[in-house]
Amino acid sequence: AAADAFARAAQRSPGSPRHLGGLGAALHEAGDPAGAIEVLDVALALRPSDSRLWHNRGLSLMALGEHGPAASAFAQAVELGARPLPSRSLLGFNLAMDGRPLAAVEVYREVVRQGPHHPRGWYNLGACLFMAGDLRAARRAFHEALRQDPADARSASALRRLSRTTAEPS
């Protein structure tokens, strides 16, 4: 229904990046990330400095498993300044999924600097540190996540796995 409404609005004003952006977001939500990217690309051609359009393009690319291009879209959204923590967090995730854990670590360090009381940021930092092979720093990040939220099962589980990993003989 939302996609239909935005499609009608985009037909009435085909040069409106706002309507096209809304249509792109609605298509993504309706399960059509490829269609969303098509529409968002048109909107970005009209308004290349719109961080929300870049963020939404990143979401659709991520839904298609295109983590490298998604990371680039989220990096552009971060550079342009809107929704810094969500875009930055998704940038880190996509860098990690694209096989660049060291770059993801730097992004998540900034995430926890900006939002030090969010256990998810600390968990993600720990996971990327683990992927990068820095087990001591990963352990510290997981502990910080648990300090922020003692019920964070994800971080508790990661610490148990990390303990088993470091306890095994080399």
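**Reading helix 2**

Modeller: Helix 2 is mostly covered, with 10 of its 13 residues buried. Buried means under 20% relative accessible area, exposed over 50%, and partly exposed in between (1.4 Å probe, protein chains only). Helices (H or I, at least four residues) and strands (E, at least two) are DSSP runs, numbered from the N terminus. This is a predicted model in which local features need pLDDT of at least 70 and side-chain atom pairs count only at pLDDT 80 or more, whereas totals for chains, interfaces and linings use all residues. Residues are numbered from 1 along each chain as its sequence is written, and side-chain values use heavy atoms, with hydrogens and water left out.

Colleague: Which residues are buried in helix 2?

Modeller: In general, an α-helix has 3.6 residues a turn, so residues three or four places apart point the same way. The buried residues of helix 2 include Pro-17, Leu-20, Leu-23 and Leu-27.

Colleague: Why does Leu-27 count as buried?

Modeller: Leu-27 counts as buried because its relative accessibility is 17%. The C-alpha atom of Leu-27 is separated by 9.3 Å from that of Ser-60, 33 residues apart along the chain.

Colleague: What span does helix 2 reach from its first C-alpha to its last?

Modeller: The expected span of a helix is 1.5 Å times one less than its number of residues. Helix 2 reaches 18 Å, close to the expected 18 Å. Just after helix 2, Gly-31 takes a positive phi of about 90°.

Colleague: How many helices does the protein chain have?

Modeller: The protein chain has 10 helices and zero strands, and 45% of its 170 residues are buried.
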